[in-house]
Amino acid sequence: MVNDLIQVSKNSNHLIVTTLSLEYPLSISAIFQRLKIRYKKIVTYQAVHKQVWQLCKIGILEHEGKYFKLNFDWVKKYKAFFDFAESTYHSDKRLEFPV
């Protein structure tokens, strides 16, 4: 499943989230190293630093000192969304919108 996510997008933000879903908490330096080694991502440390802090600012990541992890409230919010989408796809109660 994780490999499917990686194939869909090699965007650094997605890879940061994927990395922290597998392993946490991590420092920016550790995230940077994993992007380089695991995903062969060519990105600068400064770019990873900026992206990690942007993900914190919008509530996807949280930090304690120099260590970062996914914001569990964000994870629960999107789990609820995908649970709803799954139940909609498995039911006969699809909404029909006029085109």
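The structure is a predicted model, with a mean pLDDT of 85 for the protein. Of its residues, 82% reach a pLDDT of 70 or more. Over residues 4-9, in contrast, pLDDT stays under 50, and the model has five contacts beyond four places in sequence for this stretch. Where pLDDT is low, the predicted coordinates should not be read in detail.

Helix H2, formed by residues 12-22, packs with helix H4, formed by residues 45-57. On the H2 side, the contact is made by Ser12, Asn13, Ile16 and Val17; on the H4 side, it is made by Val48, Gln51, Val52 and Leu55. By class, five residues of this contact are nonpolar and three are polar, while none is charged.

Serine 12, one of the H2 residues in this contact, has a relative accessibility of 8% and therefore counts as buried. Apart from residues up to four places away in sequence, serine 12 touches Lys41, Val43 and Gln51.

The largest nonpolar core of the model comprises 20 residues. Those with the most contacts inside this core are Ile16, Leu20, Ile31, Leu35, Val48, Val52 and Leu61. At least two core residues are supplied by each of H2, helix H3 (28-38), H4 and strand S3 (67-70). The largest share, five residues, comes from H3. As a general background, nonpolar side chains tend to be buried together in soluble globular proteins.

Leucine 61, one of the core residues with the most contacts, touches Ile16, Leu20, Val52, Leu55, Cys56, Lys69, Leu70 and Asn71 when residues up to four places away in sequence are not counted. Cysteine 56, which leucine 61 touches, is placed in helix H4. The relative accessibility of cysteine 56 is 14%, so this residue counts as buried. With neighbours within four places in sequence left aside, the contacts of cysteine 56 are Leu61, Glu62, His63 and Phe68. Cysteine 56 and phenylalanine 68 are twelve residues apart in sequence, and their C-alpha atoms are 8.7 Å apart in space.

Definitions and conventions. Residues are numbered from 1 along each chain as its sequence is written. This is a predicted model: local features need pLDDT of at least 70, side-chain atom pairs count only at pLDDT 80 or more; totals for chains, interfaces and linings use all residues. Side-chain values use heavy atoms; hydrogens and water are left out. Axes are lines fitted to C-alpha atoms, for helices over the stretch in contact, and angles run from 0 to 180 degrees between N-to-C directions. Helices (H or I, at least four residues) and strands (E, at least two) are DSSP runs, numbered from the N terminus. Contact means heavy atoms within 4.5 Å. Ala, Val, Leu, Ile, Met, Phe, Trp, Tyr, Cys and Pro count as nonpolar, Asp, Glu, Lys and Arg as charged, and the others, Gly among them, as polar. A nonpolar core is a set of buried Ala, Val, Leu, Ile, Met, Phe, Trp, Tyr and Cys residues joined through side-chain atoms within 4.5 Å. Buried means under 20% relative accessible area, exposed over 50%, partly exposed in between (1.4 Å probe, protein chains only). pLDDT is the predictor's confidence in each residue, from 0 to 100.
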